[in-house]
Structures are given as C-alpha cells and as structure tokens.
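Please study the model shown below. The paragraphs that follow begin with a single residue and end with the chain as a whole.

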Amino acid sequence: MSPTKQKLLSTASKTFSRYGFYKTSMDEIAKSARKAKGSLYYHFNSKELLFREVVLSELNYLKDELVTIFEDKNADSRDIIGAYMKKRMMIMNISINYQETLRPEFYEFYEFLNDVILEMDVWEKQQITKILNRGVANGELELPGDVEVYAEMLLIFLKGLETPLFLKGQYDRLISNFDNLIGILIKGISKL
C-alpha cells in the first residue's frame with residue numbers, strides 16, 4: 001500500500017471513529033490527512049468503499065491477533081477456546097468502526113459491508129472448527145454430533161453479545177464476569 005493511501009486510511013479510521021460514518025465527510029478526511037480531495041477519490045471511489053476498507057483493516061487486525069492463539073499447537077484446546085473468546089471481545093471493544101456496522105441501519109441498508117463481515121465469520125468458524133476437532137481428537141472435548149454446528153453456535157453466541165457489550169455500552173460492566181461464563185461453556189463441552 002502506498003504511503004499516501006495508508007495515511008488516508010489511517011486518517012479515515014480516526015475520523016470515522018470520532019464522528020461516525022454518517023457525520024464524516026470525504027472533505028473532512030482529506031483535510032485532516034492534508035491531502036487533496038482528488039487524491040482521496042483516486043484511492044477510494046466513495047465514502048462507502050473507504051469505510052469498507054477501514055472496517056476490513058480492523059477485522060484483519062483481529063485475525064492477526066487471533067491467529068497466534070489458534071496456531072498454538074501445544075496448548076489444550078479448552079485453553080485456546082477461552083483465550084480466543086477473551087481476545088476476540090477485547091479487540092472488538094476497540095474496533096470502533098466495526099461497532100458502527102452493528103447498528104440496524106448498517107445491517108439493513110449497507111450491503112457494501114456484507115462480504116467483509118461474512119468473510120470474517122467464515123474464517124472464525126473454520127478456526128473454531130479446527131480447534132474443536134483437535135480437542136475431540138485429543139480427548140479434551142466431548143461434542144456429540146457435528147462439530148461444525150458447535151463452532152457455528154459459539155460464533156453466533158459471541159456475535160450476539162456484540163450489541164449489548166459495544167452498542168449499549170455494557171462492556172466495562174459485564175466483561176468482569178466473562179471469564180466465569182467462558183469457564184461454564186468450556187466445562188460443558190469438556191470430556192469428563
């Protein structure tokens with residue numbers, strides 16, 4: 001990525017985080033980046049495509065952080081699941097632009113983000129499935145039925161927490177009990 005494009009993306013991320021998608025203009029981003037508006041449109045054809053890149057950047061950061069957890073070949077699968085859940089929610093808490101996509105108006109009207117979010121969901125489900133399968137193979141987990149369904153349900157559970165934790169501002173109040181909830185979930189799937 002060119003230095004100009006990187007600067008524009010970084011400035012856009014900060015500006016969107018501060019003012020939100022609706023209140024941020026391309027003029028404001030170009031001005032904050034000290035670049036010509038034409039340069040901004042050269043790299044990003046529209047505000048939607050720019051916001052898409054900002055959200056994609058946040059999700060790629062999340063992937064980079066999670067991949068280190070998933071790749072630990074020596075760790076117990078139960079520990080990996082717990083570490084994944086904690087790290088995921090911690091990163092999502094600072095992913096302000098992703099949080100904007102949780103708003104109903106984005107869900108209903110902005111299809112330009114659907115493929116980005118769907119790709120992340122597919123990636124997460126694949127990673128969770130691998131860990132669950134490894135846990136079953138190692139005798140750490142007991143999951144009767146299709147392991148992929150358990151992976152999907154775990155992802156649905158985590159995504160279901162996003163709105164109350166991030167949009168409704170309950171993260172600080174509720175996260176202190178997240179370890180206990182993770183413990184209950186892991187105990188439920190652990191082989192006795």
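Predicted model: local features only at pLDDT ≥ 70, side-chain atom pairs only at ≥ 80, totals over all residues.

Ala30 touches Lys35, Ala36, Lys37 and Leu40, when residues up to four places away in sequence are not counted; contact means heavy atoms within 4.5 Å. Ala30 lies in helix α2, where helices (H or I, at least four residues) and strands (E, at least two) are DSSP runs, numbered from the N terminus. With a relative accessibility of 3%, Ala30 counts as buried. Buried means under 20% relative accessible area, exposed means over 50%, and partly exposed lies in between, with a 1.4 Å probe and protein chains only.

Residues are numbered from 1 along each chain as its sequence is written, and side-chain values use heavy atoms, with hydrogens and water left out.

Thr15 is placed in helix α1, residues 3-23. Leaving aside residues up to four places away in sequence, Thr15 touches Gly20, Thr24, Glu28, Ile29 and Ser32.

Is Arg34 buried or exposed? Arg34 counts as exposed, at 77% relative accessibility. Arg34 belongs to the loop between α2 (26-33) and α3 (37-43). Most residues other than glycine have a negative phi. Arg34, although not a glycine, has a positive phi of about 60°.

The next topic is the packing of helices. Helix α4 (residues 47-70) and helix α5 (residues 77-94) have axes that come within 10 Å and cross at roughly 160°. Axes are lines fitted to C-alpha atoms, for helices over the stretch in contact, and angles run from 0 to 180 degrees between N-to-C directions. The crossing angle therefore makes α4 roughly antiparallel to α5, since angles over 145 degrees count as roughly antiparallel, under 35 as roughly parallel, 65 to 115 as roughly perpendicular and the rest as oblique. The crossing of α4 and α5 is right-handed: the near helix is turned clockwise from the far one by less than a right angle. On the α4 side, the contact is made by residues including Leu59, Tyr61 and Leu62, and on the α5 side by residues including Ile80, Ala83 and Tyr84. By class, this contact of α4 with α5 has twelve nonpolar, no polar and three charged residues. Here Ala, Val, Leu, Ile, Met, Phe, Trp, Tyr, Cys and Pro count as nonpolar, Asp, Glu, Lys and Arg as charged, and the others, Gly among them, as polar.

Helix α5 also packs with helix α9 (residues 147-167), at an angle of about 35° and with the axes 11 Å apart. The crossing of α5 and α9 is right-handed. Among the residues that meet are Ile81, Tyr84 and Met85 in α5 and Leu154, Leu155 and Phe157 in α9. By class, the contact of α5 with α9 has twelve nonpolar, one polar and three charged residues.

Finally, consider the whole chain. The chain has eleven helices and zero strands. Its C-alpha atoms fill a box of roughly 65 × 35 × 25 Å, taken along the principal axes. Of its 192 residues, 43% count as buried. Among the contacts in the chain with a separation of 6 or more, 71% are between residues 24 or more positions apart.
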